[in-house]
Amino acid sequence: MRTLTAIAAVITTLILLPSPDSMAAPQQRLRERLIQRMEQRAGQNDEAGRAERATPPPGAQVERDIAYGPDRKQRYDVYLPARVTPGAPILVMVHGGGWRTGDKALARVVNNKATWWLARGGVFVSVNNRLVPDADPLEQARDVAAAVASIQQHARQWQANPAKTLLMGHSAGAHLVALLGSNPALLRQAGAQPPLGVVALDSGALDVPALMTQQRVPSLYRDAFGSDPAFWASVSPQQQLQRDGLPMLLVCSSTRRIPTPPCDEARKLAEHGRTLGVPMQVLPQALTHAEINDQLGLPSAYTDAVAGWIDQRLR
């Protein structure tokens, strides 16, 4: 956490440097390289830098590495409370890591969220998917859709209700779940029943074309989205949003600015949703990108707000 805080401080300092118009070209190039390096490091550290493994909540049962496809990455883990209430809701979590790294069994992906969700009587599922360079973001979203279909098919054996599925993701995972929520046809094509709603935790890629045409684009985004504007649009929640899009809660860090402010992207997507009749709520939080992931599930107004939104979907 101290590493991420230091990175955030460096980025903030760089942002406060003189504007490009007042800087010599070599200084500006150095500034851009430093910002890109810091942002890339932050994205990698977000899920992979500290590979602390998840600890199941006390009394929980865990079923690990359930396959939903032939690739070794196409697996998920299921966390069950000691006593499952018949018809329990299912929360499906997709990790972040810049579309290249991350894992379903990391502590910051699972611990606080699973403890909180299981205490509510629900079933928590943490999903892996194929990653860059083996799968681009569209293929990754299709993996998540296939995982949702598999989870729903197995739900009854955990005494869970497949019709009470909710989808959540952080960072790159937030982009993937927002893409599925924007275009539920991807879920239906995989044989999944569309979830009741989507919780996107601080995605930095809700409008991929706008992101990729920024003056400074960190390499993790270039590696994921490439250089084809048509592909950018095909994996962009903003451009893919349909009238049958799913209700979404867009949690965003109000302290983050690089490469684009995530709360601005969230508000823009929510406004697009309003014009199409798709319910969306933006939830800004004065937390870092990592804290939005880590702290969900801990007692706080933040957790209460997310829980309240989920409760509305489950009614």
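**Group meeting: a disulfide and a helix pair**

Both Cys252 and Cys263 are buried, meaning under 20% relative accessible area with a 1.4 Å probe, protein chains only. Good morning, colleagues. This is a predicted model, in which local features need pLDDT of at least 70, side-chain atom pairs count only at pLDDT 80 or more, and totals for chains, interfaces and linings use all residues. Residues are numbered from 1 along each chain as its sequence is written, and side-chain values use heavy atoms, with hydrogens and water left out.

The two cysteines form a disulfide, with the sulfur atoms 2.2 Å apart; the term denotes a pair of cysteine sulfur atoms within 2.5 Å. Cys252 lies in strand β7 (residues 248-253) and Cys263 in helix α11 (residues 262-276), so the bond ties together parts that are eleven residues apart in sequence. Helices (H or I, at least four residues) and strands (E, at least two) are DSSP runs, numbered from the N terminus.

In the loop between β7 and α11 we find Pro259, which a cis peptide bond joins to Ile258, with omega about -5°. Pro133 sits in the loop between β4 (123-127) and α4.

Finally, I turn to two residues with positive phi. Ser171, not a glycine, has phi near 60° and is buried, at 13% relative accessible area. Asp202 likewise has a positive phi, about 60°, and its relative accessible area is 0%.

Technical notes
Buried means under 20% relative accessible area, exposed over 50%, partly exposed in between (1.4 Å probe, protein chains only).
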